[in-house]
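Work through these exercises with the structure open beside you. Try each task before reading its solution.

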Amino acid sequence: MEDFTDIDILQCPSTGKNLSLGSGSLDTDEQSFKFQDGYYSFINQEEELAKQDRYIQRVYDAFSKIYDAAMPMLFPFLGLKEQDVRKEIIQYLELNKVSSILEVSIGTGANIPLLLQCKSNLKICGIDLSSGMLKACVSNLRKWGLTRISLYQTSASKLPFKDNQFDAILHVGGINSFANKEAALLEMLRVVKPGGKIVINDEGLSPKRNQEWYSRIFIKSMFSLFASLERGEMDPPEYILPAKGIENYRLDYVGNGYFWVMSFNKAIQRVAI
Ligand SMILES: C[S@@+](CC[C@H](N)C(=O)[O-])C[C@H]1O[C@@H](n2cnc3c(N)ncnc32)[C@H](O)[C@@H]1O
C-alpha cells in the first residue's frame, strides 16, 4: 500500500515532538519509525506496552488469521447480522457533519466500506495495536480498492496525532480489554476537534437483557469467554468519562441489547470575555 501520510497532523506518540518524513520512515531527532507492510509502526520496544496490552496484542496477532471469517459466524448466535450492528453503531457518528475520522483499533478494517458507503469522500486514519490485524487490514483495503487510508501501529493510549485533528473518532469492540481505558479516552479527547464526535462501543448486556435468564446464562457466558480470554470487562466504562469537557453524552444499547454505545461531543471551549 502506498504511503498517504499527512505529516502535518502527526507527532511522536511518546514525546509529542514533531515528525519529519524520511525515506520510508517518520523521524524525530532521536527516533525513527519505519513504514512497512503498509503502515508506520510506533511500537519499537517490548517495555513500551503495559502487560495487559502486550497480552492482547498477541491474542489479536493470532486471531487476525481467522477474524474476518469468524465474525459473521458469531453474530447469528445473537440473532444478528454483523453488518446491521456495524451500521447501527456508525449512525451515532452523524457523518453528515464529518470530513475526517480516526478509527481507534481499526482491526481488519471491517467498518471502512460502511463508512465510505455513507460518505465517499471521508478522510480516514486508523490505528491498532496488533500487527496481525493491521496486515489483514492492508490486505482487505487493497482487495476493496480503498488504498488512500493511513494506518499506524500504536496503543490507543498513545496516539501519534497533534491535538484537535479529527471531526470524529470511532472505536468498535476493543476497549473492554484495554489496560488503561482512561488514558485511551483522554487521547481520543485530545485529538478530536472541539465539537467533534466520539463514538465508543463494545459488547455488554443491556439492563433488559440482563434480566433474561437465557441472556445471562448463554450470551453472558459467550461474552465472558471472550472477556476472560481478553481479561476484559463487559459493562460500559462510564467511570472513565471526565466531569468536564464533554457534551451530549448518551449511553445506548444496539444489536438487540447485546452491545453498548457511549457517544458524546468534545465541548467547544468558550473564551471568557
Ligand atoms: C474485536 S477487535 C475490533 C476490530 C475492529 N474495530 C472491528 O470493528 O472489527 C478489537 C481490536 O482492538 C485492538 N486493540 C486491543 N487493545 C488495543 C489497544 N490498547 N490499543 C489499540 N488497539 C487495541 C485489537 O488489536 C483489535 O484489532
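Two strands count as paired if DSSP finds at least two bridges between them. Keep in mind that this model is predicted.

**Exercise 1. Give the strand order of the open sheet, and find the strands at its edges.**

Solution. 
- Step 1: Trace the sheet from one side to the other. The order is S1-S2-S3-S4-S7-S6-S5-S8-S9-S11-S10. That makes an open sheet of 11 strands with mixed pairing.
- Step 2: Look at the ends. S1 (20-21) and S10 (246-254) each have a single partner strand, so one side of each lacks a neighbour in the sheet.

**Exercise 2. In which sense do S2 and S3 pair, parallel or antiparallel?**

Solution. 
- Step 1: Recall the rule. Strands of a sheet pair through backbone hydrogen bonds, in a parallel or an antiparallel way.
- Step 2: Locate the strands. S2 covers residues 25-27 and S3 covers residues 32-36.
- Step 3: Read the pairing. The sense is antiparallel, over three bridges. Asp-27 has Ser-32 in S3 as its bridge partner.

**Exercise 3. Which strands does helix H6 lie across?**

Solution. 
- Step 1: Find H6 at residues 181-191.
- Step 2: List the strands. H6 lies across S5 (100-104), S8 (166-172), S9 (192-203), S10 and S11 (259-266).
- Step 3: H6 runs at about 145° to S9.

**Exercise 4. Describe the largest pocket and its lining.**

Solution. 
- Step 1: Start with the volume, about 830 Å³.
- Step 2: Turn to the lining. It has 49 residues, and Tyr-60, Tyr-67, Val-172, Gly-173 and Gly-174 lie nearest the centre.
- Step 3: Sort the lining by class. There are 26 nonpolar, 15 polar and eight charged residues.
- Step 4: Ask which element gives the largest share. H1 does, with six residues.

**Exercise 5. How are the rings of Tyr-60 and Phe-63 arranged?**

Solution. 
- Step 1: Count the aromatic pairs in the model. There are 11.
- Step 2: Take Tyr-60 and Phe-63. Their pair is tilted, 5.9 Å centre to centre with 45° between the planes.

Definitions and conventions:
Residues numbered from 1 in each chain as written. Predicted model: local features only at pLDDT ≥ 70, side-chain atom pairs only at ≥ 80, totals over all residues. Heavy atoms only, no water. Helix = DSSP H or I, 4+ residues; strand = E, 2+ residues; numbered from the N terminus. Contact = heavy atoms within 4.5 Å. Axes fitted to C-alpha atoms, helices over the stretch in contact; angles between N-to-C directions. 1 Å grid on protein atoms, 1.4 Å probe; cavity = no way out; pocket = protein on both sides within 12 Å on 5 of 7 lines; lining within 4 Å. Points joined across faces, edges and corners; volume = space filled by probe spheres on them. Nonpolar A, V, L, I, M, F, W, Y, C, P; charged D, E, K, R; others polar. Phe/Tyr/Trp six-rings, centres within 6.5 Å; stacked < 30°, edge-to-face > 60°.
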